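Open the model in your viewer and keep the selection tool at hand. The tour below goes stop by stop.

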Amino acid sequence: MSDLGAGMTVANMTVDGDRLWDSLMQMAAIGPGVAGGNNRQTLTDADAEGRTLFQRWSEEAGMTMGLDRMGSMFMRHEGTEPDLDPVYIGSHLDTQPTGGKYDGVLGVLAGLEVIRSIRDLGLRTRRPIVVTNWTNEEGARFAPAMLASGVFAGVLTEDYANSRKDAEGKSFGEELDRIGWRGTEAPGDRKIHAMFELHIEQGPILEAEGRQIGVVTHGQGLWWLQVTLTGKDAHTGSTPMAMRVDAGRGMAQMIEAVHRIAMDHQPAAVGAVGQAGFWPNSRNVIPGRAVFCVDFRSPDLGKLTSMRSRFEVEATEIASGLGLEIEIEPVGHFDPVTFDADLADSIRAASERLGYSHMDIVSGAGHDACWIAKVAPTVMIMCPCKDGLSHNEAEEITPDWARAGTDVLLHAVLDAAEVVG
């Protein structure tokens, strides 16, 4: 069946943790940030360079590439029965503007390490295995997040995705063509037997509990609401207080409302404003326009719906009271996700087989797996990250955490892909 060494069996095999860590560090050298992390935003030249490196590594490991019209990369390792639906491993290589070295990237390069280890061990599987880099997971440059996986799952259209614009007015479609990574394959034109995504937790629970593996049973739902307030630019020194139409004041009151609404929906609900700006943004001009994005999340659909509805009512009342015009545009949404129970069981079994401590966990962030779960059995594996810090250049994990997560990924994928003798 294989070239397993003396004493090595399928039950106790592990990946090459040093090789995995070296790959993570080499990828982190592309699009470095200013404080030790990464700025490899989607469809930038740095993104193109990272894609090229991933393609080279994958082809050196014997894989062949498929590329769809959203630029998502599908690196295929053949099975003994090529007509069977493949097992997928996927995440993303794009980062936040001040992102870490592991968010998303671990999931892609762990998939690569799974294939490298399978080849090293001389294993064969009935089903093909495909390692995927989904385009524009972060949504930092082009909202919404998980854009390409959303098109793949049929919840977003190609035209919508291509029309998304960044802060400079450049469209997703134009930038994808510019960097030369648009394929010809129709998004979603693939069959998936099962999909696995390994990710850092982006929260403090696993580290605090001393657990090496998080078995992700559910994912929080999300609403992103972009609010535009229009008032009147005026001189800060000569305009009487009672005659001001201050968009900045409206934004401040609405940000406080977001916090209050989330607190009123405890437990298992969060809300914040992480992106905001007002114009003309001059120190002696009352802002006449403010734009900000509200982020509500909960694994409870009722709470998620209630938070959005209540905010829309309260924000409209605030705007009316201040004489402001208001527009609220949903720019990102997905319902709470329940991941596949059988695949979750396979992760628990793999963790126990390898002697890794584990616990069930709910993902607080959105991931490509949340969309793929709509079209195929899907599950996530999480490893700890230090202090739960993510979307920050100081994001950190240990080589041992990365290896443990990838070991479990290897075993779960082999269970799904079916090792043959």
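Start with Thr406, which sits in helix α12. The model is a predicted one. Is Thr406 buried or exposed? Its relative accessible area is 0%, and the cut-off for buried is under 20%, so Thr406 counts as buried. Now show its surroundings. Beyond its neighbours within four places in sequence, Thr406 is in contact with Val15, Leu20, Ala110, Glu113, Val114 and Leu198.

Next, select helix α1, residues 17-28, together with α12. Two packed helices are described by the angle between their axes and the distance between the axes. Here the angle is about 110°, and the axes lie 9 Å apart. The two helices, α1 and α12, are therefore roughly perpendicular to each other. The crossing of α1 over α12 is right-handed. On the α1 side, color Gly17, Leu20 and Trp21; on the α12 side, color Pro399, Ala402, Arg403 and Thr406. These residues make the contact.

Now go to the largest nonpolar core, which has 102 residues. Which members touch the most others? Pick Met27, Phe54, Leu109, Phe196, Ile397 and Leu409. Helix α12, residues 399-417, gives the most to this core, with 11 residues. Apart from this core lies another, of 24 residues, including Trp223, Val258, Ala315 and Leu322.

Zoom in on Phe54. Not counting residues up to four places away in sequence, Phe54 touches Met27, Met73, Met75, Leu93, Val108, Leu109, Leu112, Val131 and Asn133.

Move to the backbone. Most residues other than glycine have a negative phi, and most peptide bonds are trans.

- Pro144 is in the loop between β4 (129-133) and α4 (147-152).
- Met146 lies in the loop between β4 and α4. Its relative accessibility is 2%, so Met146 counts as buried.
- Pro280 is in the loop between β9 (270-279) and β10 (285-286).
- His391 lies in the loop between β15 (378-383) and α12. At 39% relative accessible area, His391 is partly exposed.

Last stop: select residues 220-315. An unreviewed UniProt entry places the feature "domain: Peptidase M20 dimerisation" there.

Methods. Residues are numbered from 1 along each chain as its sequence is written. This is a predicted model: local features need pLDDT of at least 70, side-chain atom pairs count only at pLDDT 80 or more; totals for chains, interfaces and linings use all residues. Side-chain values use heavy atoms; hydrogens and water are left out. UniProt positions are given in the numbering used here, feature names are shortened, and annotations may be inferred rather than shown by experiment. A nonpolar core is a set of buried Ala, Val, Leu, Ile, Met, Phe, Trp, Tyr and Cys residues joined through side-chain atoms within 4.5 Å. Buried means under 20% relative accessible area, exposed over 50%, partly exposed in between (1.4 Å probe, protein chains only). Helices (H or I, at least four residues) and strands (E, at least two) are DSSP runs, numbered from the N terminus. Contact means heavy atoms within 4.5 Å. Axes are lines fitted to C-alpha atoms, for helices over the stretch in contact, and angles run from 0 to 180 degrees between N-to-C directions. Angles under 35 degrees count as roughly parallel, over 145 as roughly antiparallel, 65 to 115 as roughly perpendicular and the rest as oblique. A crossing is left-handed if the near helix is turned anticlockwise from the far one by less than a right angle, and right-handed if clockwise.
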